[in-house]
Amino acid sequence: MLLAERGIQQSMSRKGNCYDNAVIENFFGLLKSEFFNGQVFQSVDVFQKELVDYLEYYNNDRIKVKLKGLSPVAYRTQSNSFT
């Protein structure tokens with residue numbers, strides 16, 4: 001009910017079908033292994049700054065083989081230039 005009041009439709013697939021969550025689950029897995037693993041943050045402010053820095057790196061600098069050796073932003077920009 002709370003989602004509907006805000007105009008949000010909840011995504012639900014059949015039982016045992018995890019494809020709705022596959023992309024975000026993959027991202028959070030990478031976030032945990034690359035960013036959180038072994039980290040101790042001095043404060044919430046330090047955590048927030050480092051998280052923003054990591055997201056900047058993840059989107060703009062981190063290359064992915066599946067994206068033809070480009071960062072996510074570079075791949076999307078390249079893909080959009082053909083349309």
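A residue counts as buried when its relative accessible area is under 20%, as exposed when over 50%, and as partly exposed in between (1.4 Å probe, protein chains only). By that rule Arg62 is buried, with a relative accessible area of 10%. The model is predicted: local features need pLDDT of at least 70, side-chain atom pairs count only at pLDDT 80 or more, and totals for chains, interfaces and linings use all residues. Residues are numbered from 1 along each chain as its sequence is written, and side-chain values use heavy atoms, with hydrogens and water left out.

**Overall make-up**
- The chain has 4 helices and 0 strands, taken as DSSP runs numbered from the N terminus (helices H or I, at least four residues; strands E, at least two).
- Of its 83 residues, 12% count as buried.

**Nonpolar core**
- The largest nonpolar core consists of Phe27, Leu30, Leu31, Phe35, Tyr54 and Tyr58; such a core is a set of buried Ala, Val, Leu, Ile, Met, Phe, Trp, Tyr and Cys residues joined through side-chain atoms within 4.5 Å.
- Two or more residues of this core come from each of α2 (22-36) and α3 (44-60), and α2 gives the largest share, 4 residues.
- Beyond its neighbours within four places in sequence, Tyr54 is in contact (heavy atoms within 4.5 Å) with Leu30, Leu31, Glu34 and Phe35.

**Surroundings of Arg62**
- Arg62 lies in the loop between α3 and α4 (72-80).
- Leaving aside neighbours within four places in sequence, Arg62 is in contact with Leu30, Glu34, Tyr57, Leu70, Ser71 and Pro72.
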